[in-house]
Amino acid sequence: MQPTVVRVARVADPAGPADGVRVLVERLWPRGTARTAVVLDGWYRGLAPSDELRTWYGHDPSRFAEFAERYRAELRETDRAAALDRLRELAAGGPVTLLTASGSPAISQAAVLAEVLTGEG
């Protein structure tokens, strides 16, 4: 069995041949980004963190560990769990690139999702 390959990239990053399926994991379309400018295979709005969690976090690096823990708890909610299962199915079929609007993808919800999908988190 092949390991699950999940990458994290900014929505503005150009698509590459190793990206596989490119999925946006933001609740809202990124400001200032034309929909025609993004190579995208899917948009999983339902996997985005709640507005309350996102607002509390504010991409403050000192809050990332707690954000990740709270976000993982949200991913266990029924609606999000179903969307996560669909994303797992995609990842089982080949590489997946999770796209985020964050300026710091390594401390974004996409990074947490990547860990969950690969069994690291």
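User: Is Arg 88 buried, partly exposed or exposed?
Analyst: This is a predicted model, where local features need pLDDT of at least 70, side-chain atom pairs count only at pLDDT 80 or more, and totals for chains, interfaces and linings use all residues. Residues are numbered from 1 along each chain as its sequence is written, and side-chain values use heavy atoms, without hydrogens and water. Buried means under 20% relative accessible area, exposed over 50% and partly exposed in between (1.4 Å probe, protein chains only). Arg 88 has 36% relative accessibility, so it counts as partly exposed.

User: With which residue does Arg 88 form a salt bridge?
Analyst: A salt bridge is a side-chain nitrogen of Lys or Arg within 4 Å of a carboxyl oxygen of Asp or Glu. The two partners are 3 residues apart in helix 3, which means about one helical turn separates them. With its closest N and O atoms 3.3 Å apart, the partner of Arg 88 is Asp 85.

User: What is the relative accessible area of Glu 74, which meets Arg 80 in a salt bridge?
Analyst: The N to O distance between the side chains of Arg 80 and Glu 74 is 3.9 Å. Arg 80 counts as buried, at 10% relative accessibility. Glu 74 is buried too, and its value is 11%.

Conventions. Helices (H or I, at least four residues) and strands (E, at least two) are DSSP runs, numbered from the N terminus.
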